[in-house]
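Opening the notebook on a new model today. I want to look up a few residues, then the rings, the core and the surface.

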Amino acid sequence: MSGMPASDRKGTLARWDGDLLPLALVAFCTVMNFGLALVNNLVTNIQEVHVVAVQLIVTLCAAALVVLRRPRLTADQVILLVMLVSCVVISTIYHGRTDVKILYDMSVIPLFVVLGSTIRRVPRWCMHMLFIIVLITVAFETVMPDAYAKIVNPLRYYANTRSWVADKMDDQADDSGFYFGAQRGDATHRASGLFLEPLSLGYFACIAAIFYLNEYRYQAGRKILAVSGCSLLIILSDVRAALGVLFVIAIGAPLLARLPRLAGLALPFVVIAGGAVLHYSTAGDQHIADLAGRLSWTFEELREADLTTLLFGGFDQTHANDSAILYFAEVSGILGYVLLLYISAGVSSLNERPLITNAALIYLASTSLFGHAYASIKTGALLGFVVGSQKRNQEKPNIKYLPQKAVE
């Protein structure tokens with residue numbers, strides 16, 4: 001910055017100083033579980049109440065920052081939020097009850113969308129830093145899996161903080177140190193890295209890819225390099241749904257950046273309809289029995305639901321952990337679930353970058369068919385922040401760093 005005028009340098013430093021606290025909070029959300037796992041394995045036992053307390057403190061800090069800073073939401077974003085709250089209230093009145101945990105999970109991404117709207121932008125160095133940390137932990141686990149399991153021991157952490165994991169450990173007597181699902185049936189190891197379990201690693205790679213596809217949309221070399229790095233993380237985690245999402249948004253990025261607004265709003269319905277077609281066309285196919293079975297938990301429940309269930313919730317929650325549609329519609333109805341997708345993707349009548357919004361809609365709708373893990377604070381906070389920091393004045397490329405041909 002030595003060649004920068006003093007006034008400009010002061011303004012730049014002030015902007016980054018002002019945004020540093022929200023950025024640090026999002027980074028903490030991303031590494032929080034890994035840090036707690038290290039404490040649990042190397043220092044003292046961590047219990048579920050400790051995790052809940054830490055997560056509650058983080059959430060309250062995010063809410064406090066929203067109050068202290070100035071959120072920049074459009075009128076229709078506010079309307080979408082009010083409509084979602086109305087759906088929740090109506091469902092609660094209809095059933096005479098609600099589920100606080102589902103409501104909390106539902107609030108995570110929208111909260112960080114609002115917080116993201118208070119910052120100038122998510123700087124590249126911040127995403128680079130997170131990506132490098134994730135890559136280092138993944139490389140460590142891949143090269144020295146036994147050392148990773150001994151030092152981090154995700155299974156012990158989840159057994160102490162998730163009662164169902166402890167029960168499953170008693171049944172299976174698993175002492176590998178890796179979280180359930182970290183190994184395929186063919187003995188293929190699935191990397192987890194910073195996130196302790198493979199699914200969130202794949203989801204982080206999708207979010208990073210969405211960010212980099214937008215940031216490097218005029219720089220083909222850097223864009224290819226960044227997407228290749230994200231693809232590597234997904235391949236190592238072996239999260240097939242995430243790989244499919246990355247392929248679609250990477251190939252379709254030029255179209256997603258120019259898609260008319262109404263067409264963009266239809267993207268979740270296109271994805272879910274595609275899932276329904278896949279479900280009904282693969283029923284009974286033993287080659288993809290796992291995929292067909294997981295999709296059936298969503299679409300068979302929706303097919304059997306009556307109108308009041310669709311409107312006000314009340315779905316069978318037996319397989320809700322494998323279907324975000326059933327999980328979130330339980331407290332808001334199907335309309336509430338759709339509104340949640342739009343809010344989480346930053347849909348508005350102005351100010352958003354269509355590529356990020358449309359790619360986020362595809363990501364959210366696709367991963368919803370396989371569970372609600374995308375709403376976990378360790379990846380949901382980062383997604384909300386990337387989405388919320390969209391600004392209309394960033395629609396124009398930075399001419400200074402573009403080749404002459406791109407400027408013309």
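I started with Asn358, and its contacts beyond four places in sequence are Leu256, Leu259, Gly264 and Leu267; contact here means heavy atoms within 4.5 Å. Asn358 sits in helix α19, residues 354–368. Helices (H or I, at least four residues) and strands (E, at least two) are DSSP runs, numbered from the N terminus. Buried or exposed, I wondered about Asn358? Asn358 counts as buried because its relative accessibility is 5%; the cut-offs are under 20% relative accessible area for buried, over 50% for exposed, and partly exposed in between, with a 1.4 Å probe and protein chains only.

A note on ground rules before going on. This is a predicted model, so I keep in mind that local features need pLDDT of at least 70 and side-chain atom pairs count only at pLDDT 80 or more, while totals for chains, interfaces and linings use all residues. Residues are numbered from 1 along each chain as its sequence is written, and side-chain values use heavy atoms, with hydrogens and water left out.

**Whole chain**

I looked up the secondary structure and got 21 helices and zero strands. Of the 408 residues, 49% count as buried. Taking contacts between residues at least 6 apart in sequence, 75% join residues at least 24 apart. The accessible surface comes to about 19300 Å², and 65% of that belongs to carbon and sulfur atoms; areas come from the Shrake-Rupley method with a 1.4 Å probe, and for residues only the protein chains shown count as cover.

**Ala191**

I found Ala191 in the loop between α8 (163–172) and α9 (198–215). Ala191 counts as buried because its relative accessibility is 1%. Its contacts beyond four places in sequence include Val138, Glu141 and Leu236. I also checked Ala139, 52 residues away along the chain from Ala191, and their C-alpha atoms are separated by 8.7 Å.

**Rings**

Rings of Phe, Tyr and Trp (its six-membered ring) pair if their centres lie within 6.5 Å; planes under 30 degrees apart count as stacked, over 60 as edge-to-face and the rest as tilted. I get 13 aromatic pairs by that rule. Tyr94 and Phe312 are stacked, because their ring centres are 4.5 Å apart and their planes are at 20°. That pair links distant parts of the chain, with Tyr94 in α3 (residues 75–95) and Phe312 in α16 (residues 307–312), 218 residues apart. Tyr94 counts as partly exposed, at 46% relative accessibility. I also noted a cluster linked by ring pairs: Phe131, Phe195, Phe204, Phe211, Tyr212 and Tyr216.

**Core**

A nonpolar core is a set of buried Ala, Val, Leu, Ile, Met, Phe, Trp, Tyr and Cys residues joined through side-chain atoms within 4.5 Å. The largest one here has 119 residues, and those with the most contacts inside it include Tyr212, Phe328 and Tyr374. Helix α9 gives the most to this core, twelve residues. Thr379 and Gly380 are among the buried residues of α20. Why call α20 (residues 377–388) largely enclosed by the rest of the structure? Because twelve of its twelve residues are buried.
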